[in-house]
Amino acid sequence: MNNYFSIKDIDSLDNWVNEAIELKKTPLSNKMLGVDKTIGLLFFNPSLRTRLSTQKAALNLGMNVIVMNFTGEGWSLEYGDGTVMDQGNSEHVKEAAQVVSQYCDVLAIRAFAKLENREEDYEEKVMKSFIKYASIPVINMESATGHPLQALTDAITITEHKPTYRPKIVLSWAPHPKALPQAVANSFVEIAQQMEADFVITHPVGFELASQITNEVPIDYNQEHALKDADFVYVKNWSSYNDYGKSSQDQHWKITEEKMKLTNNAKFMHCLPVRRNVVVDDTVIDSENSIVIEQANNRTYAAQLVLKKILEKS
Ligand code: CP
């Protein structure tokens, strides 16, 4: 594996999940693999979990870590070919990616959707430009359309809590005061389709994800009906794909204790950060069925597995 750009870079989900679960038992067992190697983490957007868990994963493998926040600190980058750079952008990604490749052995990048132009976001200009011009492997730490480290984490967490029978997994849209990208939901939908589970998506009319991602996954516009007998309830807000970037704060879609009673004593999952009492009631996220903290812990092992595979190949 050269880059970890999307779920499609996972050759066998079962093998990866099992390997990550093994890594979690002895996280320092490959401490020499990354000695004298450096990972550069470039952030064009804020983070808590991704930033710290990816650093932790790299440290567990013996790597050095360099972190840079582009917002407010880096030169603003130009991505267009042949652009006359007489406006705001100071440096072209062609130079930036090649320069960073000389300082690091692996690059990881976070660059969210701008939610202004769907075609531009779904072109993945930032991530794909770095992949094109960098001479080192690139890891996606959440791009405009996907968050594959989060999705791998989610698959690990679900596997750890899986009942002996085929579980029902529900991805539920929830309200949010800000328009959020579809990245987390997209990658979760992609990975859930590869799991041995009955998978249902529930959201209000108008919040359909891209059909090339949802494929044949059933969509239920009745949240309470969808939640019935669920074993896992994965909650996430996303803005509209069709009416691109439109958001909603419809509180009828908030996850409540009453709604969780419709489930099969389901585990509550969320990638975090979460707006308490907007997305989910305190009584749910603080309940013993909430596995959000464990889920966040697994971010380290998902990142460590991806890094390990990249280091083993290089
Ligand atoms: N879930 C996730 O990616 O968290 P951060 O935005 O804090 O990194």
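S172 touches T202, Q223, Y234, V235, K236, W238, W253 and I255, where residues up to four places away in sequence are not counted and a contact means heavy atoms within 4.5 Å. The model is predicted, so that local features need pLDDT of at least 70 and side-chain atom pairs count only at pLDDT 80 or more, while totals for chains, interfaces and linings use all residues. Residues are numbered from 1 along each chain as its sequence is written, and side-chain values use heavy atoms, with hydrogens and water left out.

S172 belongs to strand 7 (residues 168-173); strands (E, at least two residues) and helices (H or I, at least four) are DSSP runs numbered from the N terminus. With a relative accessible area of 0%, S172 is buried. Here buried denotes under 20% relative accessible area, exposed over 50% and partly exposed in between (1.4 Å probe, protein chains only). The side chain of S172 also forms a polar contact of 2.9 Å with the side chain of Q223. A polar contact is a pair of N or O atoms within 3.5 Å; within protein, one atom must be able to donate a hydrogen and the other to accept it, and residues adjacent in sequence count only if both atoms are side-chain atoms.

Just after helix 2, G62 adopts a positive phi of about 80°.

A polar side-chain atom of S47 is 2.7 Å from a ligand oxygen atom, and a polar backbone atom of L48 lies 2.7 Å from an oxygen atom of the ligand. A backbone N or O atom of L272 is 2.9 Å from a ligand nitrogen atom. Taken alone, the ligand exposes 250 Å², of which the protein buries 93%; accessible areas come from the Shrake-Rupley method with a 1.4 Å probe, and for residues only the protein chains shown count as cover.
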